[in-house]
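Colleague: I am new to reading models like this one, and I would like to go through it with you in questions and answers. Could you show it first?

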Amino acid sequence: MTIQELKERIIIANKKYREGNPIITDDEYDELLNELEKRIPKKEFIEFRKLLFENPGKFKHTYKVGSLRKIKYEDFNDSEIKFIGNKSGKIFITPKIDGNSIVLYYDEEGKLANVVTRGNGVFGEIRNALKPVFPQEFLPNAIVRGELCMTFEDFEKIKFDYEEYRNAKNPRNLVAGLVHRDDISEGLLKYLTFIAFQIMGDERNQETQLDILLENFFTIPDYEIVEVDKIDKEYLKKLFEKYKREADYPIDGLVLNDVGYGFENELIPTKRIAFKVNVEITQSEIIDITWNVSKNGKLTPVAKIKPVELNGTIVKNVTLYNAKNVEKLKVGIGSKVLVYKSGEIIPAIKEVLTESETHLPKKCPICGSELEYDGTELWCKNRNCPKKIIKKLVEFLKRLGIKGFTEKSLKNFGINNFKDLINFKANKKYKNQIKLEKALKEKLENLTEEEIFKSYPFQNLGDNLLSRIIDYYGFDNIKEKKFKDGYPELVSDITFKQFKNQLDGALKFLELVKERFNVKENKKKENKILKGKSFCVTGSFENFKRSELEKRIKELGGEIKSVSKKLDCLIVGNKPGSKLEKANKLGIKILKFDDKIELNELIEKICKGV
Ligand SMILES: [Zn+2]
């Protein structure tokens with residue numbers, strides 16, 4: 001066999017192997033490789049193997065990527081937990097993350113080589129376009145399993161930022177869509193979060209594994225260690241509900257195994273189970289459908305139902321999501337329906353038992369304008385629809401950090417639009433009115449023009465997008481409506497058009513504020529790269545004081561906080577205190593540095609790493 005023939009043979013065998021139809025045995029395959037290795041230079045051989053590894057398509061997992069036995073709340077019994085926990089009498093519990101299972105393969109140098117989907121547990125698919133989401137380096141030849149998911153916050157952001165995802169129903173499906181997109185861009189990768197929970201093939205217990213993962217910049221799940229005797233199904237249900245309330249990402253159960261559990265090379269592990277709480281479903285009847293007008297003018301249908309109890313609370317209202325859904329479900333007054341609490345804890349309709357005639361409203365319930373139907377949503381396009389305006393006012397106050405004023409209170413004060421609000425003069429008889437007038441002055445006179453502009457409640461534009469737009473075109477240009485060519489990163493032409501449509505309103509608003517209040521001069525453009533991120537520093541550094549580092553972080557827009565669940569990142573120097581332990585437990589991102597590092601270098605690193 002010539003070298004070329006030998007290479008071709010290996011490539012075909014490799015391809016078939018990955019497709020799940022091997023044409024030769026593993027031993028025969030290894031023999032071919034051995035022979036090739038003898039016949040060609042080492043460098044060429046390494047290149048060739050690399051090529052084999054990178055070949056897209058089916059990938060045979062090194063270990064079986066198991067799927068857990070699911071025990072439902074109703075079927076749970078104590079013997080189950082005693083069986084699982086018979087090794088140490090203690091159970092290790094983590095939330096079951098509702099994402100997409102991913103296995104990471106690191107090469108002999110510890111570099112991330114392949115990102116592979118679970119597939120059927122034996123063969124997965126290589127998705128190396130996702131690589132930037134994961135730590136690029138880890139232990140040599142390590143195989144890491146985890147869930148690729150999306151935080152609720154990122155889910156809202158991506159819906160805002162990308163037109164095509166605006167109607168996404170839940171984070172999990174959106175992640176699945178992204179995983180299988182061949183043209184996924186770096187921009188989209190930012191919305192993904194990977195939570196690692198296992199080093200495959202590693203016999204050490206899970207807590208040790210998670211520690212190692214955390215030290216190497218993986219995000220890990222929360223966990224709890226509980227004695228077998230203390231666990232019953234009510235305990236687990238409560239714990240599940242607690243995790244569900246607190247988690248930043250979707251979870252759909254709990255994972256239980258013995259504290260000493262390491263790894264089982266099984267498609268269905270025997271000593272690790274998933275605990276699931278079933279969603280309760282109840283029958284009721286629709287007594288009315290009302291349409292709420294949002295600040296964007298979108299009408300959201302809500303079904304009023306005969307009150308029923310679901311998972312311990314009384315449910316009277318059920319969301320119908322949008323007009324299209326109402327048509328699809330064929331629901332109306334008198335429809336008998338099955339309702340349940342969906343993943344996001346909002347009651348929804350599971351099934352319509354008796355259909356009714358559906359009537360979509362023709363006119364806005366607030367202002368009476370003709371509604372527009374885009375096939376999915378109904379819109380009130382009246383710019384002056386009072387409901388839209390009052391909602392914007394409330395949002396504006398919220399953005400300023402002025403609390404305690406609702407749509408109703410503003411109406412009571414006689415405030416119906418921005419002009420009324422900015423020029424508001426309190427009736428001195430009412431404390432609440434004085435409070436509002438004072439708060440407005442205090443807040444607005446402490447902001448720069450640009451900051452005030454940013455506090456305007458633009459619709460369909462998150463803070464993030466708005467900042468991108470302002471940074472790209474420059475605030476002074478925006479005021480004069482001068483726009484250079486192109487769009488900022490992540491801002492689509494649709495988004496930009498929406499911004500431009502609202503620009504007049506926002507500028508007029510800015511003029512109103514400037515007429516009434518002494519607005520601060522615009523500060524020089526500062527680099528606020530750490531804005532929105534919180535940091536805590538523990539341990540010491542040789543070349544600077546902790547307080548110097550904290551000052552620099554603040555100058556870059558970052559916040560200094562103590563260690564809590566809300567903290568984004570812990571910076572660790574020499575001899576860290578108990579903060580490190582606490583951060584470890586909470587699964588907070590930890591950046592460890594050599595204590596001889598220079599301040600500038602450290603700052604550069606955290607700016608890159610966050
Ligand atoms: Zn209206």
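Modeller: Two strands pair if DSSP finds at least two bridges between them, and strands (E, at least two residues) and helices (H or I, at least four) are DSSP runs numbered from the N terminus. This is a predicted model, in which local features need pLDDT of at least 70, side-chain atom pairs count only at pLDDT 80 or more, and totals for chains, interfaces and linings use all residues. Residues are numbered from 1 along each chain as its sequence is written.

Colleague: Which residue in β8 stands opposite Leu 148?

Modeller: β7, which covers residues 143-149, pairs with β8 in the antiparallel sense over six bridges. In β8, the residue that stands opposite Leu 148 is Phe 194.

Colleague: Which strands stand at the edges of the sheet?

Modeller: The open sheet has four strands in the order β5-β4-β7-β8, with antiparallel pairing. Two of them have a single partner strand each, so one side of each is left without a neighbour in the sheet, and these are β5 and β8.

Colleague: Within what arc do the buried residues of α6 fall?

Modeller: A residue is buried if 20 or more other C-beta atoms lie within 10 Å of its own, with C-beta atoms placed from the backbone. In α6 (residues 171-179), the buried residues include Leu 174, Val 175 and Leu 178. Seen down the helix axis, with directions taken from the axis to the C-beta atoms, the buried residues of α6 line one face of the helix, because they fall within an arc of 160°.

Notes: Buried ≥ 20, exposed ≤ 12 C-beta atoms within 10 Å, placed from the backbone. Contact = placed C-beta atoms within 7 Å.
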